[in-house]
Protein chains: 2
Amino acid sequence: MPVNLTAPQPSDLIPVPGVRVGVAEAGIRKANRRDLTLIELAAGSRVAGVFTLNRFCAAPVQLCKQHIAGGDVRALVINTGVANAGTGEQGLADAYATCVAVGRALGVAPEQVLPFSTGVILEPLPVDRLIAGLPAAHADLREDGWFDAAHAIMTTDTLAKAVSRQVEIGGRTVTLTGLSKGAGMIKPNMATMLGFLACDAAVSQALLDALTKEAADLSFNSITVDGDTSTNDSFIVVATGQAGNAEIADPLGPDFHALRAAVIDVSIRLAQAIVRDGEGATKFMTIAVEGGLDIVECRKVAYAIGQSPLVKTAFFASDPNLGRILAAIGYAGLQDLDVGRLRVWLGSAAEEVLVAELGGRAPTYREEDGARVMKEAEITVRVDLGRGRARATVWTCDFSYDYVKINADYRS
Amino acid sequence: MPVNLTAPQPSDLIPVPGVRVGVAEAGIRKANRRDLTLIELAAGSRVAGVFTLNRFCAAPVQLCKQHIAGGDVRALVINTGVANAGTGEQGLADAYATCVAVGRALGVAPEQVLPFSTGVILEPLPVDRLIAGLPAAHADLREDGWFDAAHAIMTTDTLAKAVSRQVEIGGRTVTLTGLSKGAGMIKPNMATMLGFLACDAAVSQALLDALTKEAADLSFNSITVDGDTSTNDSFIVVATGQAGNAEIADPLGPDFHALRAAVIDVSIRLAQAIVRDGEGATKFMTIAVEGGLDIVECRKVAYAIGQSPLVKTAFFASDPNLGRILAAIGYAGLQDLDVGRLRVWLGSAAEEVLVAELGGRAPTYREEDGARVMKEAEITVRVDLGRGRARATVWTCDFSYDYVKINADYRS
């Protein structure tokens, strides 16, 4: 059961002028399910992307990077079922063949198509079935296709993940609609994570690139570790420029400020949805580290806590086993950390309990206070490193029986 | 059920001249179990140790480091139940009080006593009960106390871990007997890991120090990550010098060669026993990485594979999900790794199957071959990075329902 995550309704998702979306059943891996999504972008759209750092980055990721660098992207094509990763030269040829087929259907060059795949690694992409499914996806293209697409990109996700919002920019209403998928534990090395966000703002390519990187760092990269990503992780931001606003080119102006806030907000909601639907998740944990010398060390500590199987199983058990949290802080790699200056709190929406200070349990801490917080579904671990002003937040989920079950069964 | 690990029999454990061992029920955390171990060393014994790098290193670890540096150690005292970690100044005072009490009982200084604790973190050590239990442990001191001690240091271990062997050195029979505990997953950040090895060889302090470090790296530190250790991890090697051999002081001579081989062998068996008894383990996995530029990068890759929850759940399911192994290699942090040169094999005692090469699945690989290997309880993942001559081996276990169960229940 996802943690405080509800399925989007079709009416929640607002079409983005300049974007049409279609889906189809291509039979990539399983019959009778929509597994192919085509997204068509109007001429003049700008596209930016952030991709996995995995050395085994999948064939479609390699092509995406090349095609984005060429500019003038006009289509995205996404299949689920097979990730086309660890597939060598044949995988590249299959991904390119997909781009050729999409380009022919839409009257654009293969280099104007971005391919995405998610699913099982190391298996060849059934590219013939994918291409055979394209005409149906093409025929299905429509402005209100987002809801179906949110379902068609799922793998082990239990709920579709999609968000829309609108914001006034330069006197115009700008619409943002995004999709994400990825139901692994929150380290996306454990599941392909895809995020797509489209808006109709007019914005310069340079600002779109910078904003995409910043939004990824504050959202999808706060549920992962740099360099610790799956073969296919990708986050794409599209700006069609059809809202009619004056092109945003000033990074210090109010228009960019408004767009930036909206893109980051939607990105965080899409990324958090992945954690809330984490495989077997029963708790949503926010790890907020402050008082660090820099963001890097705050993230190290947050990840050490958020990725510790011992911490995660304790949260599953609603056990305020603070020793495990302190042990994780201790091995986070800050060799000059003075544990005597640390403070740690456990918090729910209703209260925050000081747990540790002066190198040990806080004198005021009572086990029943910790136990009360741990019964909540949304729990914050707040850590003050006591040596600086930097902060970082990471979101994660607990580690349950069902995590093992889902991942032991995934291919069967 | 531990993987191919059998309980030691009393007759397996050979007394080490110069060492007496006694145990007692001190009621540290639970009644009616032996939870206190005293080890007395004859005058003239030499002691070396390797300790956790965790910044929250427990109070007894801090004292151990000081006392070992002073030399002339005459006793070890080990309690289970409470780790005395994250206990601040009071924890240090409690650990020192323990040393004072042991020193009084044995007629040595507190600084000649090494204290060790394992169990729950962040809870105060019930030092009064510990000290009250010392007379019984003292009265129990005997040369053949090893078997009882192996049981008295257990926490969530399902089987005691103890090994003896004898080796000829300089015309004398040298006896080595060792104990270990730690039943967490193989990253000891998840459970306190203790290892004690005593022998009666005469060896210089300098060589004993170097050998202890080397043996730790090849054994206990090959089931862990540097800097990624629990609050209490400790590995101690004692040499009583009572075998009658000429003191070993030449690092290139045959005597040191023989001692070194024996100490490393016993250390590896003690460390592997921890993995075989890993919480919920059903498989014993050897991750052997070769062809690296240096040992550091080989260890990075081995740990990335061996610590991936996705890899470990796939092994639990006997699923040859090689994509997960390749993904782990890809995010191990070798940013200039050429995946086209990689080769990966899955092996059992009976066969070895080439799984991946040239950046993808090996053309000769058949899924049924991988599935056959995966059914075995002992599986080797061998990786050739194809860029150098260094190698490293790491041992790990799979990740099962029972791991979650044990760790969600540990404090209850």
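Which helix of chain B holds B:Glu297? In this predicted model, B:Glu297 sits in helix α7, which spans residues 295-307 of chain B. Is the residue buried or exposed? Its relative accessibility is 9%, and buried means under 20%, so B:Glu297 counts as buried. Its surroundings can be listed. Leaving out residues up to four places away in sequence, B:Glu297 touches B:Gly292, B:Leu334, B:Leu385 and B:Arg387.

Now turn to chain A and its overall layout. Chain A is divided into two parts: domain 1 covers 10-276, and domain 2 covers 284-409. How far apart do the C-alpha centres of these domains lie? The separation between the centres of domain 1 and domain 2 of chain A is 33 Å.

Next comes a sheet in chain A. Here 5 strands form an open sheet. Their order is β3-β9-β8-β7-β6, and the pairing is mixed. Why is one side of β3 and of β6 left without a neighbour in the sheet? Strands β3 (46-51) and β6 (161-169) of chain A stand at the edges, and each has a single partner strand, so one side of each has no neighbour there. From one strand to the next, the twist averages 15 degrees.

Strand β3 of chain A pairs with β9 of chain A, residues 234-239, in the antiparallel sense. The pairing runs over 6 bridges. Within it, A:Arg46 stands opposite A:Ala239 of β9. Helix α1 of chain A, residues 59-70, packs on the sheet. Helix α1 touches both β3 and β9 of chain A. The direction of α1 makes about 140 degrees with that of β3.

Helix α6 of chain A, residues 254-276, lies across β6, β7 (172-181), β8 (194-199) and β9. Against β6 of chain A, helix α6 runs at about 170 degrees.

Finally, compare the two chains. What rotation superposes chain B on chain A? The rotation is 180 degrees, with 0.0 Å of shift along its axis and an RMSD of 0.0 Å. The two copies are thus related as by a two-fold rotation axis. Which C-alpha of chain B is nearest that axis? The C-alpha of B:Tyr401 is, at 2.7 Å from the axis. The contact residues tell a matching story: the same surface serves both copies, and 96% of the contact residues of chain B recur in chain A.

Terms used:
Residues are numbered from 1 along each chain as its sequence is written. Chains are lettered from A and ligands numbered from 1 in the order in which they are written. This is a predicted model: local features need pLDDT of at least 70, side-chain atom pairs count only at pLDDT 80 or more; totals for chains, interfaces and linings use all residues. Side-chain values use heavy atoms; hydrogens and water are left out. Two strands pair if DSSP finds at least two bridges between them. Helices (H or I, at least four residues) and strands (E, at least two) are DSSP runs, numbered from the N terminus. Axes are lines fitted to C-alpha atoms, for helices over the stretch in contact, and angles run from 0 to 180 degrees between N-to-C directions. Contact means heavy atoms within 4.5 Å. Copies are superposed by least squares on the C-alpha atoms of residues with pLDDT of at least 70 in both. Buried means under 20% relative accessible area, exposed over 50%, partly exposed in between (1.4 Å probe, protein chains only). Domain bounds come from an automatic or database domain assignment.
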